[in-house]
Amino acid sequence: MDRTTTRRSLLTAALGAPLTATALTACGGSSGPGQAAEGGASIWYLTGEPKESIRDAYVEAFNETSEGDLAHTAFENDAYKSKIRTAVGANQAPTIIYGWGGGGMRDFARAGQIEDLTDWLAENPEVKDRLLDTTWPAATVDGRIYAMPNETVQPIVLFYNKRLFERVGAQPPQTWDDVMALTGTFNAAGIAPISLAGQSRWTTMMWLEFLFDRVGGPEVFQAIYDGEPEAWSNPDAIRALTMAQDLVRADGFVTGFNSVVADQNADQALLYTDKAAMMLHGTWTYGSMKADGGDFVTGGHLGYVNFPAVAGGKGDPSNSVGNPAQYFYLSSSATDEQKELAKTFFAEGLMTDEVVTAFIADAGEVPVVKGVEDQLGQAADPEWMEFVYSTVSDAAFFGQSWDQALSPTAAEELLTSIEQLFQLSITPEQFAANMNAVLGQ
């Protein structure tokens, strides 16, 4: 095949094929087809359809051009997290590293293990300007950019069951006071106000992320991220923690929420089977509710809004939290030739028009690029896709999920303390003390 064939025709052909598991899936070392040829480069990313096939296709399309020589290997999520840290620490990382930005990236950056892309992006402004502005903060450490955002945006939104709201004659909440009032309304009607998979802990974290933002604004968590002494004891943080416990004490969450597991989608089932009226969750749950919930989604019974405002709060009500993007880093241990090839891939092979179309049409998610409104309007679920896009593009601030923004050590303490906070076994002040003890770690 002529290696100057256009990337458009190659990617279109590749993405038109049935979605199948890649032959490169691995749980061990990179070898065979995943090993870079002499003078070539390598890229590691995750398994899981439909995105895995999209990733395979755009790398293969790039490799069919005169520039391309990328060996690719896919890993299951949990295996990858441990393997990539080992590989980076041993100077055996792939040229291009899949990651999540935030705290893990910060460790790599400050250890000099990944490349600073700031100057390259300044020299190639069209690469940076094409992506949503909200994707870049999680790619930034100490004012410098260390990652290329890619793939899709995944904000956290408040889902609600329209059937149940109609049953009690209520409207979706616009303020925190509305949330507390609806808690009483639904409890009186024998309906759980809110579904929550408390055993999974990270779902509970979403409530604190939004409360911290709405009460104190993004500056409260930024001080935490920067490691400022006693940052978790900020009065706005204590107020947000107290409000979370107020909701627990008001029986805001489904009975036994601490035994509900998100991995089995049990929290989603409580919403679409009319057992609970609301659920705060990531936009990635829309597809599974559509697939598993009968006519809940297709029949127009699922509603969604951004998180309500807090009276007197400092945070902009347009702010969102969640996953601003997925990210690729460039290994500092790569050769100069490999680094140049990776940058060419970032500029020409990543998030092309064809890849954007694939994420919308095949994955049913909103890509991280600007100006896709027309395509979203023609998607299978246009109203939903446009809501997700506007939630992110109109956000004054898009905060990264805390368990990604923090270091692994701090993130684990966070999840433990959140569980205790929602079990009412510690006070807001004790929560803050636990977290202050791991600031900067």
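**Aromatic close-ups in a predicted model**

**View A. Lys128 and Trp136 show a charge over a ring.** The charged end of Lys128 is found 5.2 Å from the centre of the Trp136 ring, over which it sits. Here, a charge sits over a ring if NZ of Lys or CZ of Arg is within 6 Å of the ring centre and within 35 degrees of the ring normal. This is a predicted model, in which local features need pLDDT of at least 70, side-chain atom pairs count only at pLDDT 80 or more, and totals for chains, interfaces and linings use all residues. Side-chain values use heavy atoms, without hydrogens and water, and residues are numbered from 1 along each chain as its sequence is written.

**View B. Arg106 lies over the face of Tyr225.** Arg106 is 4.4 Å from the ring centre of Tyr225.

**View C. Trp44 and Phe75 form one of the 32 aromatic pairs in the structure.** Rings of Phe, Tyr and Trp (its six-membered ring) pair if their centres lie within 6.5 Å; planes under 30 degrees apart count as stacked, over 60 as edge-to-face and the rest as tilted. With centres 4.8 Å apart and planes at 55°, the Trp44 and Phe75 pair is tilted. Both Trp44 and Phe75 are buried (under 20% relative accessible area, 1.4 Å probe, protein chains only).

View D. Trp232 is buried, as is Phe431.

**View E. Ring pairs build a cluster.** Its members are Trp176, Trp207, Phe210, Phe253, Phe257, Phe307 and Phe422.

Notes. Buried < 20%, exposed > 50% of the residue type's maximum accessible area, 1.4 Å probe, protein only.
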